[in-house]
Amino acid sequence: MEDVSVTAAYSSGSVMSADGTRIGYRQVGRGPGLVLVHGGGQAAQNLMQLACALWNEFTVFVPDGVHVVERPTRDHYGLTAESQDLDALLVHTGSEFVFGLSSGALVCLDAALSLCQIRQLALYEPPLSVDHSTPVDWLARFDLRLPRARSGRP
């Protein structure tokens with residue numbers, strides 16, 4: 001097994017989201033496309049060790065969270081905007097695999113409701129609600145809509 005503590009050389013690129021946000025990303029590896037979505041307060045470099053561990057099996061794309069500062073309409077920032085950002089990257093790269101960490105896991109869950117391009121989804125440590133500190137009323141809708149979203153029905 002290769003030493004993943006050494007960061008592989010990566011290329012970088014960008015894509016425009018639906019609201020005009022430029023999404024920067026890092027790319028490493030070869031194989032089917034996999035997008036790694038980091039949590040809040042993180043950036044692409046936080047997931048580069050994981051990306052390097054997967055580079056022999058996947059072409060890994062790691063978007064950088066700094067694009068939030070460049071969002072033209074910050075009033076509309078939220079899960080929908082983050083899902084649109086992910087959609088733009090998935091379409092641009094042809095990726096079908098997604099991994100979400102922390103709040104990035106919530107973005108991936110939300111995106112899975114409407115983005116049929118997501119074939120497989122892996123989540124790690126999505127934020128938990130303690131004493132209802134995080135709204136979870138959307139979970140019932142998610143459970144109901146997910147099978148329809150996968151079949152392409154509204």
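Strand β3 (residues 33–37) is largely enclosed by the rest of the structure, because five of its five residues are buried, that is, under 20% relative accessible area with a 1.4 Å probe and protein chains only. Strands (E, at least two residues) and helices (H or I, at least four) are DSSP runs numbered from the N terminus. The model is predicted, so local features need pLDDT of at least 70 and side-chain atom pairs count only at pLDDT 80 or more, while totals for chains, interfaces and linings use all residues. Residues are numbered from 1 along each chain as its sequence is written, and side-chain values use heavy atoms, without hydrogens and water.

Both faces of β3 are covered, with Gly-33, Val-35 and Val-37 buried on one side and Leu-34 and Leu-36 buried on the other. Two strands count as paired if DSSP finds at least two bridges between them. β3 pairs in the parallel sense with strand β4 (residues 59–63) over three bridges, and four bridges join β3 to strand β5 (residues 97–101), also in parallel. Leu-34 has Val-60 as its bridge partner in β4 and Phe-97 in β5.

The pocket is lined by 13 residues, each having an atom within 4 Å of a point. The largest share of this lining, three residues, comes from α3.

Technical notes: Buried means under 20% relative accessible area, exposed over 50%, partly exposed in between (1.4 Å probe, protein chains only). On a 1 Å grid over the protein atoms alone, a cavity is a set of points where a 1.4 Å probe fits but cannot get out, and a pocket is an open set with protein on both sides within 12 Å along at least five of seven lines; lining residues have an atom within 4 Å of a point.
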